[in-house]
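Open the model in a viewer and keep the selection panel at hand. The stops below go through chain A and then chain B.

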Amino acid sequence: MSRYDSFVTDVLVIGAGLAGERAAVEAATQGLNVILLSLVPPRRSHSSAAQGGMQAALGNSAMGKGDSPDVHFADTVKGSDWGCDQDVARLFVETAPIAVREMAHWGVPWTRVTKDEHVYDGKVIHEDPENAGLITARNFGGTAKWRTCYTSDGAGHTLLYTLDSMVLRLGITVHDRVEALSLIHDSERCYGAVARCLRTGELRAYTAKTTVIATGGYGRLYGASTNAIINEGSGLSLALDTGVVPLGNMEAVQFHPTGLVPSWILITEGARGDGGYLLDKNLHRFMPDYEPAKKELASRDVVSRRIMQHIRAGYGVESPYGDHVWLDIRHLGAEHINTNLREIATICKNFRGIDPVKDLIPVRPTQHYGMGGVRTNIDGQAYGLKNLFALGEAACWDLHGFNRLGGNSLAETVVAGKIIGEQIAKFTAEASLDVKSSLVEEHLHRQMDRVTRLRESRDGTEYVYDLRREMEQILSHHVGIFRSEDSLQDAVNQLSDLHERAQRLGLRGGGHGGDPELDAALRLPGMIRVAYCIAKGALARKESRGSHFREDFPHRDDANWLNRTLAYWPEGADEPELRYEPVKITESPPGDRGYGEATRGPDSAKP
Amino acid sequence: MIERELTFRIMRYNPDEPEKKPHLQEFHLTEEPGMSLFVVLNKLREEQDPTLRFDFVCRASICGSCGMLVNGRPTLACKTLTKDLPDVTTLLPLPVFKLLGDLSVDTGVWFRDMSFRTESWVHTDETFDPDAPEKRMDNAVALEIYEAERCIECGCCIGGCATANIKPDFIGAAGVNRVARFMVDPRDKRTEREYFEVVGNEDGVFGCIGLMACDDNCPVGVPLRDQLAYVRRKMASAGWRYQKV
């Protein structure tokens, strides 16, 4: 047998973005040994790209006056279209203010309340001078109060750098450029992971009392996504491939209203939160026609649908990359744009050659976030396999239900990290590491075998990048914003075929050392299985809820579908198996969101 | 517009095959509207040579992964548009950092080491009180901290620094800027003397010989010249007092 390095630890955290690092900090603070695995140096994680901010009901700013966890709770549940677990949402909103202040204590330079008056949407806002110097907040979609705490244009960046400074301070071990390939398990319990060093290509075995999945999202399954290129859902396939851990609500996919055409880089919701408008080809501000109350700041699923609806009605701006609409922030002024929205100005300049101080920004709804993920209980423990936890975007905790509010994902990373990190520490303190070496070797051999077969093209010569592009196109064309039976059935059929072809991948290059083609080939079959779960879940759910919009079933159907999809991939199966469980409703019975089609139907709005 | 045929001369080297010396390989492709080096390199890998190694993460000049020498100048590949390039472009990995293969270098390890050496965390004995409101901070101070914190650790200032290229332990502009970030932060209780221990030497702020390529090359516009001057001034006066004690 080949040589391999092995590592033993109390807690193995896969993924070193905000969620993984926050949980690691909690566990290490309580005296446990922690190893963090990361595809990239931790500070390059996709968490750093969050420009907008995190929601927490501090109520310091004038426009946040009267805010409380109760109001935050109501917004979150409404936003989720009553698809979230309300006990989780309650725990989250109560903890968020503490988590924000804790990050301030550790070093985040949050933007503070000032005594200067400022103008918003034509109104002058006077801050309470008593609150000067406290953490301020900006406006985001779907919220009753201004609640999104931020650091100029770099909330995610400063949170990640600060949290990583705590990882340094605590001396937590970080192995970067390492990718987990499979969980070591016996269908009852998880014992760690088999991983591959992306520098050298060598395989490694990590054994741990507790294993934690914090790998972030899967946006890159859709070709056009705002996500970083490392967001390929690797943690989701790790869990799914055990055969016993389900993925929750994979059909709930968020499209951000404003991806920059055509690089699909995110233009933050801060742009609309700070007062930006959406304009059509006639430069008409069309959102008030559809959503008179919330205008550009209805929830993301609603704004994305309204944009596509308006484009379909013939009001889009034509371009070689498809029709789009305009985002207009010119009236906010150069000073505001170049400080609070500097990242937008930079992105527009670098990637489109325009200046938003005087130019309109071409935008279109773009895949942005997965509400679904590894299904866990309120403590973060994965369903189906002991000693396994998950959190952050990789998990379905389930705070977001069928639509996440802007500012709630960044908040979820550090809030869940704090709460679940504590649970991990408590659980691990009681756990023992009792693993058979034969089990570790069995899982290692399976991965070694995959590598050899790919290198020697033993199973076929399908090219990884061809198949990958097909997967991206299937999801983009058939499992997008507007969905329907025939199209979804097509997607399922094509993914079934693609999954079969993915068993016959072979490398064109040598696959030696840290070879990128081998990385991609090892990853792709799992990605296709996750894509299959998205499409099959969407086909089965015959209602519209949050971001999941069926043209053939345009209404929410609480009688039949007030539930959560659980997708399993049993060992040896060639397609996922769907089961359902009820959502937890503790305080707020399903009602009207106050925005979206239920309030004003798609036919009622005349542009 | 007539489509341009672009030539890229890219350095190839795989540390797993040391017998093959580093060399430039030539690639050709047709320019497309709005094309960036992110698009170019992925196209080359997917369509011409699947073994080509390079690093991208965010492809939006946020994460700092894709620093490289584009026609000799350190910059981020993701924000380099082909319309600004000549017909023939040479791509080399950033110097100073350990080469992992082709255009991929280990900036992560370098920056982690620098962060440890400069003890890049808030030094305080205060414990967090979950029931208390946050400590107040003037927004001007928050902005000042953020101005230094905006560094994305891409390594362009290091790769283009003459001193860093000949002195392997020099912390460079990124390191000095990092110290400035904590110096302006009232939450960090370190004294000038403690900072002096960290950077008041030839591998720290006094190693800089003032060529200021860092300031020209920073792809996110951190005011490195000002930060160097600020830390140098503080450390010079601290050193002066320190000597007298």
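## After helix α3 of chain A

Start at Gly107(A), the residue that follows α3(A); its phi is positive, near 135 degrees. The coordinates belong to a predicted model, and every value quoted on this tour is computed from a model of that kind.

Now step back and select residues 86-106 of chain A, which make up helix α3. The helix has 21 residues, and the distance from its first C-alpha to its last is 30 Å, close to the 30 Å expected at 1.5 Å a residue. Show the axis and look at Thr95(A), where α3(A) bends by about 35 degrees. A proline, Pro97(A), follows within four residues of that point. Colour α3(A) by accessibility next: 17 of its 21 residues are buried, and the helix is mostly covered.

## Peptide bonds and backbone angles in chain A

Select Val261(A) and Pro262(A). The peptide bond joining Val261(A) to Pro262(A) is cis, with omega about -5 degrees. Pro262(A) sits in the loop between β12 (253-260) and α6 (270-273) of chain A.

Move to Trp397(A) and Asp398(A), which are also joined by a cis peptide bond. Here omega is about 25 degrees. The loop that holds Asp398(A) runs between β18 (395-396) and α11 (408-430) of chain A.

The next selection is Asn387(A), in the loop between β16 (373-375) and β17 (388-390) of chain A. Its phi is near 65 degrees, a positive value in a residue other than glycine. Is Asn387(A) buried or exposed? Its relative accessibility is 7%, so Asn387(A) counts as buried, the cut-off being under 20%.

Select His445(A), which lies in helix α12 (residues 437-455) of chain A. The relative accessible area of His445(A) is 38%, so this residue is partly exposed.

Then show the side chains of Arg508(A) and Tyr463(A). Arg508(A) lies over the face of Tyr463(A), at 3.7 Å from the ring centre.

## Chain B as a whole

What helices and strands does chain B have? There are 9 helices and 7 strands. Along the principal axes, the C-alpha atoms of chain B fill a box of roughly 65 × 40 × 35 Å. Of the 245 residues in chain B, 55% are buried. Among contacts in chain B with a separation of 6 or more, 63% are between residues 24 or more positions apart.

Colour the two domains of chain B separately: domain 1 (5-105) and domain 2 (118-244). Their C-alpha centres lie 31 Å apart. Where the domains touch, 14 residues of domain 1 of chain B are in contact with 14 residues of domain 2 of chain B.

## Rings in chain B

Over all chains, the count comes to 14 aromatic pairs. One of these pairs is Phe97(B) with Trp110(B): the centres are 5.6 Å apart, the planes are at 80 degrees, and the pair is edge-to-face. Phe97(B) is in the loop between β5 (88-93) and β6 (99-101) of chain B, while Trp110(B) is in helix α2 (residues 107-117) of chain B; the pair, 13 residues apart, links distant parts of the chain. Both Phe97(B) and Trp110(B) are buried.

Trp110(B) counts as buried because its relative accessibility is 15%. Phe111(B), at 2%, counts as buried too.

Next select Phe38(B), Phe54(B) and Phe56(B), which ring pairs link into a cluster.

## Last stop

Finish at Asp102(B), in the loop between β6 and β7 (104-105) of chain B. Phi of Asp102(B) is near 50 degrees, a positive value in a residue other than glycine. With a relative accessibility of 3%, Asp102(B) counts as buried.

Terms used:
Residues numbered from 1 in each chain as written. Chains lettered and ligands numbered in written order. Predicted model: local features only at pLDDT ≥ 70, side-chain atom pairs only at ≥ 80, totals over all residues. Heavy atoms only, no water. Helix = DSSP H or I, 4+ residues; strand = E, 2+ residues; numbered from the N terminus. Buried < 20%, exposed > 50% of the residue type's maximum accessible area, 1.4 Å probe, protein only. Expected span 1.5 Å × (residues − 1). Bend = angle between axes of the 7 residues up to and from the residue. Phe/Tyr/Trp six-rings, centres within 6.5 Å; stacked < 30°, edge-to-face > 60°. Lys NZ or Arg CZ within 6 Å of the ring centre and 35° of its normal. Domains from an automatic or database assignment. Contact = heavy atoms within 4.5 Å.
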